[in-house]
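Dear colleague,

I am handing over the structure below, and after it you will find what was found in it. Please read the notes with the coordinates open beside you.

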Amino acid sequence: IDVRDLVKVYAGGRGPRKTEAVRAVDGVSFHVGEGEIFGFLGPNGAGKSTAIKIIATLLAPTSGTVRVAGFDLARDGAAIRRVIGYTGQSVGVDGELTGRENLTLIGRLYHMPPALVRSRVEELLGVLQLEDAADRRANTYSGGMRRRLDLGSGLVHHPRVLFLDEPTTGLDPQTRNAVWHYLRQLHTDEGMTIFLTTQ
């Protein structure tokens, strides 16, 4: 990941209640080498989530350059999305689908072979301690369970680069430890680059 002079400005409002523009990211530059675990630290409101959303192609920058896995954000957004996994602060699972169906859907969207999808889904359900709830609708899950399922969604397709925005928020200590252990294992076994934000 190579970020140079990244800026994001949210324009002020229009009409009688016009507000000043907000500079959420102000000239940020950094480099993350392949296979590194990189912690992007800062207090609430510092622009961490905005920066990660830009790098993960979810927001357009105002200015600056971003390269991920050799791809340029301005020209190769689709290529970047194929090689990354992303878990945001808010949970993005489909409550009408079961846990197993949510993970399977992600594998299918990435055009993974069906047998690989099945084995990967079972592996993740075990690691994230969701086997007993795998066939229940996600809208019956607790907040922590939904968070774990969301994390699994970012991992199904074996991304080369994994973006995690406050990944263990809402998790109990035992599950938090299991998640960190699994992320270290992914880093060690697969050389995955992991970019995470935290306070």
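By the rule that rings of Phe, Tyr and Trp (its six-membered ring) pair if their centres lie within 6.5 Å, with planes under 30 degrees apart counted as stacked, over 60 as edge-to-face and the rest as tilted, the count comes to seven aromatic pairs. In one of them the ring centres of phenylalanine 40 and phenylalanine 195 are 5.4 Å apart and the planes stand at 45 degrees, so this pair is tilted. It joins distant parts of the chain, since phenylalanine 40 belongs to strand 3 (residues 37-41) and phenylalanine 195 to strand 8 (residues 193-198), 155 residues apart; helices (H or I, at least four residues) and strands (E, at least two) are DSSP runs, numbered from the N terminus. Both phenylalanine 40 and phenylalanine 195 are buried, that is, under 20% relative accessible area, where exposed is over 50% and partly exposed in between (1.4 Å probe, protein chains only). Ring pairs also link Phe30, Phe38, Phe40, Phe163 and Phe195 into a cluster.

Turning to the sheet, four strands form an open one in the order 2-1-4-5 with antiparallel pairing, two strands being paired if DSSP finds at least two bridges between them. Strand 2 (22-31) and strand 5 (71-72) are at the edges with a single partner strand each, so one side of each is left without a neighbour in the sheet. Strand 4 (residues 63-68) is joined to strand 5 by two bridges, and arginine 67 has aspartate 72 as its bridge partner in strand 5.

The model is predicted: local features need pLDDT of at least 70, side-chain atom pairs count only at pLDDT 80 or more, and totals for chains, interfaces and linings use all residues. Residues are numbered from 1 along each chain as its sequence is written, and side-chain values use heavy atoms, with hydrogens and water left out.

Best regards
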